[in-house]
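My notes follow the model.

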Amino acid sequence: MSQVIVTSKNPAKIAAVEAAFRDVFPEQPFTFTGVAVPSDVPDQPMTEKETYAGACNRVQHAKAKYEGDFYVGVEAGLDHQHTFAWMVIDDGTTRGEARSASLPLPPEALRALHHGEELGDVMDRMFSEQNVKQKGGAIGMLTGHRLTRSSVYHQALILALIPFLHPHLYR
C-alpha cells in the first residue's frame, strides 16, 4: 500500500488529494496522512512566486520528516486580483506540478488581504460564516457552492499527476 503524505491537515485539501489519486490510480491502494509542515512563506502568500515556493517548501519539509511514497504540497495564494493554488507532487523520482483555476476576488477582499488578513478570515466575515477555508473555501462561497475548494483542487491535482501516468515522457 502506498503512503501519500499531504502537507496540510485541512480536510478540503486532503479530500481533493484522495479523490485525485483514486481517480488516476483506481486499482492502487493508498493511505493518506495529513501533516502540518511549514511553508516558509507568509500565511497568506501574496504572489504567484510565494505561492509556488510555499508548495515546494512544504514538500521538502515533509520529505525530511515523514516516510511516504508520495508527497503532495498544496499552497493557495494570490496572483494579482485572483486566488489560486499550486499543486506539487513528488515521489523522489518524478515530480508533477500544476496550478488550479484562478478565481477573481472582490475588491473588498483584495483590500483586506493587502492589509494583512488571510482570505479565509475575510470570507468568514463577508459571508457571515465560520471556518470557510476548511469547508468550500472562497471558491464555494463566491460560486454559490457550484464549485468548492476541493473540486477545483481535484482537477489541478489530476494534472499534476500526469508525469506519474506517463513517466517515460517526463524524464
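I am working with a predicted model. I checked the UniProt record for a domain. The unreviewed entry gives "domain: Non-canonical purine NTP phosphatase/PRRC1" for residues 8-165. I looked up the make-up of residues 8-165: the span is 44% helix and 20% strand. Its end C-alpha atoms lie 24 Å apart.

**Helix pair.** Two packed helices are described by the angle between their axes and the distance between the axes. I looked up both for H1 (residues 11-24) and H6 (residues 149-160). The axes come within 8 Å and cross at roughly 40 degrees. H1 is therefore oblique to H6. I noted the hand of the H1 and H6 crossing as right-handed.

Next I listed who meets whom. From H1 I have Ala12, Lys13, Ala15, Ala16, Val17, Ala19, Ala20, Asp23 and Val24. They meet Arg149, Ser150, Tyr153, His154, Leu157 and Ile158 of H6. I then sorted the H1 with H6 contact by class: 10 nonpolar, two polar and three charged residues.

**Site.** Which residue does UniProt list for "binding site"? The unreviewed entry lists Glu67. I found glutamate 67 in the loop between helix H2 (48-65) and strand S3 (70-79). Is glutamate 67 buried or exposed? Its relative accessible area is 74%, and exposed means over 50%, so I logged glutamate 67 as exposed. I also looked up its contacts. Leaving out residues up to four places away in sequence, glutamate 67 touches Gln3 and Ile5.

How values were computed
Residues are numbered from 1 along each chain as its sequence is written. This is a predicted model: local features need pLDDT of at least 70, side-chain atom pairs count only at pLDDT 80 or more; totals for chains, interfaces and linings use all residues. Side-chain values use heavy atoms; hydrogens and water are left out. UniProt positions are given in the numbering used here, feature names are shortened, and annotations may be inferred rather than shown by experiment. Helices (H or I, at least four residues) and strands (E, at least two) are DSSP runs, numbered from the N terminus. Axes are lines fitted to C-alpha atoms, for helices over the stretch in contact, and angles run from 0 to 180 degrees between N-to-C directions. Angles under 35 degrees count as roughly parallel, over 145 as roughly antiparallel, 65 to 115 as roughly perpendicular and the rest as oblique. A crossing is left-handed if the near helix is turned anticlockwise from the far one by less than a right angle, and right-handed if clockwise. Contact means heavy atoms within 4.5 Å. Ala, Val, Leu, Ile, Met, Phe, Trp, Tyr, Cys and Pro count as nonpolar, Asp, Glu, Lys and Arg as charged, and the others, Gly among them, as polar. Buried means under 20% relative accessible area, exposed over 50%, partly exposed in between (1.4 Å probe, protein chains only).
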